Amino acid sequence: MRLLYSFLLTAFSITSFNFYQQKPLEQSIADGKEIYTDFCLQCHMAKGEGVKGTFPPLAKSDYLKDIDQSIYAIKYGLKGLIKVNGVSYIGNMINQGLEEEEIADVMNYILNSWGNSSTVIITEEIVASIKK
Amino acid sequence: MKKKNLLICGFTFLSFSCNAQQNGPKIQSSTTVDYTYEIVTDNIDIPWGLTFLNKNEFLVTEKAGILYRVVDGVKTEVQGLPPVYVRGQGGLLDIAIAPNYQETGIIYFTTSSPLGEDKGGHTALYSTQLEGNQLVNTKLLYKGDYNTKKGQHWGSRISFDHQGHLYFSIGDRGNREVNPQDISRDGGKIYRLNLDGSIPADNPFVDNDNNRKAIYSYGHRNPQGMITHPESGKIWVHEHGPRGGDEINVIEAGKNYGWPIITYGINYSGTPITDITKKEGLEQPLYYWLPSIAPSGMAFSTSDIYPNWKGDLFVGSLKFEYLERLEIKNNQVIEREKVLDSIGRVRNIEEGPDGYLYVGVEGKGILKIIPKS
């Protein structure tokens, strides 16, 4: 009985633990790829290469070094002049209406694709903490 | 003889490879620019829909979910919109006064809507009336389903024929394999309703209860331009193709316009969608753009205000950031010209009650084209 009790307790704590945990990075990247295809690919292109002078690249982009600013741009949109890898872009990226979890997923996909790599894992909580 | 055959082959191959890259007539830059423009109202990010209440007053929708009333160039936000689902290419979309607006005060608009049980959204059509800066008597006339969280292809434009019908478009909602060819589902369709929102008894698919009875034509991808031809009264629609293959179609009851079975375009990734551009039972476009211009908004110039433009078709290009003028003879495009070259992403074009052309440009607002005299 005692054994069963402790087993149940363990099972419960694992379940609740998982509930508050971010999903595995591989899953987040896979989900982020779907979001990317739906919402980002048309401008930033299939390999994140962008269109020089019109849509900035995401592949090996120095803009992504500032994670908070990147999340902010996806969450609230981006307007005006930015510089990416030494090239100037004046544009208007509209807010796509993505949920916080979806923003975390697409950030994880971008940060781990096309030659990009990151030690930071973006979570829903991180996205939630970026305020206007 | 053999040599001649070879020559013909070579020529055929050459013209085929040309066709693979672009469809004529070639777009021309204006040689003499005998027009200018003024900004009527500024500071609108995505001015999607525009409708004139009278000569001095119009309504503009902003995709982000704002409706503006503009009186003598001064804009005020209108209150009372139903929920707008701003997601991807969706948001607050087209707006149009009823043909009998002077008597009824009725205004129609389309929006991406989260209503319904499923997560996500679909395109909805509403009727409403304006009291000061407030919408009143707002009624939901049609709501596409099933909702999806996909960000693509909501349409939408509204127009009217001369027999008391309203037409509006919904795009394929990012599910091309399922929606556009299935008339028991919404998406990838042109719809026809009576002005009160009821379904006309002579709609083409009313005989089967499984069908969406409001459907008028199907096999569309993402129609964001619609205009009633000033003479024939027929509904002209253009739609975004994938990479290549934007189309102009003249809409007929019950017809299938082919998406995605036939198309002149390919996937964004460069892979083919289908290897055929024609098939029996599927309509051919009046014109297709190759390369794509990403068309949005559509209007005929019917006034005498612009020299040489009367009867011409105007279409906004989001991609190349100009307004395109198309000269059409016997249902063939014979000339294309860039108007307002490099002006910005052209989202909409309307002819005002004063006969001037009004252009919705992203990041700018509403511009009025003025001939130089």
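A residue counts as buried if 20 or more other C-beta atoms lie within 10 Å of its own, as exposed if 12 or fewer do, and as partly exposed in between, with C-beta atoms placed from the backbone. Colleagues, this is a predicted model, in which local features need pLDDT of at least 70, side-chain atom pairs count only at pLDDT 80 or more, and totals for chains, interfaces and linings use all residues. Residues are numbered from 1 along each chain as its sequence is written, while chains are lettered from A and ligands numbered from 1 in the order in which they are written.

I begin with chain B. Strand 9 of chain B, residues 122-131, has 8 of its 10 residues buried, so it is largely enclosed by the rest of the structure. Helices (H or I, at least four residues) and strands (E, at least two) are DSSP runs, numbered from the N terminus. Pairing of two strands requires at least two DSSP bridges between them. Strand 8 (residues 106-113) of chain B pairs with strand 9 of chain B in the antiparallel sense over 8 bridges; B:His122 is the bridge partner of B:Ser113. Strand 9 of chain B also pairs in the antiparallel sense with strand 10 (residues 134-143) of chain B, over 7 bridges, and there B:Gln129 has B:Val136 as its bridge partner.

I turn now to chain A. Helix 2 (residues 25-39) of chain A packs against helix 5 (residues 100-111) of chain A at an angle of about 95 degrees, with their axes 7 Å apart.

How values were computed: Axes fitted to C-alpha atoms, helices over the stretch in contact; angles between N-to-C directions.
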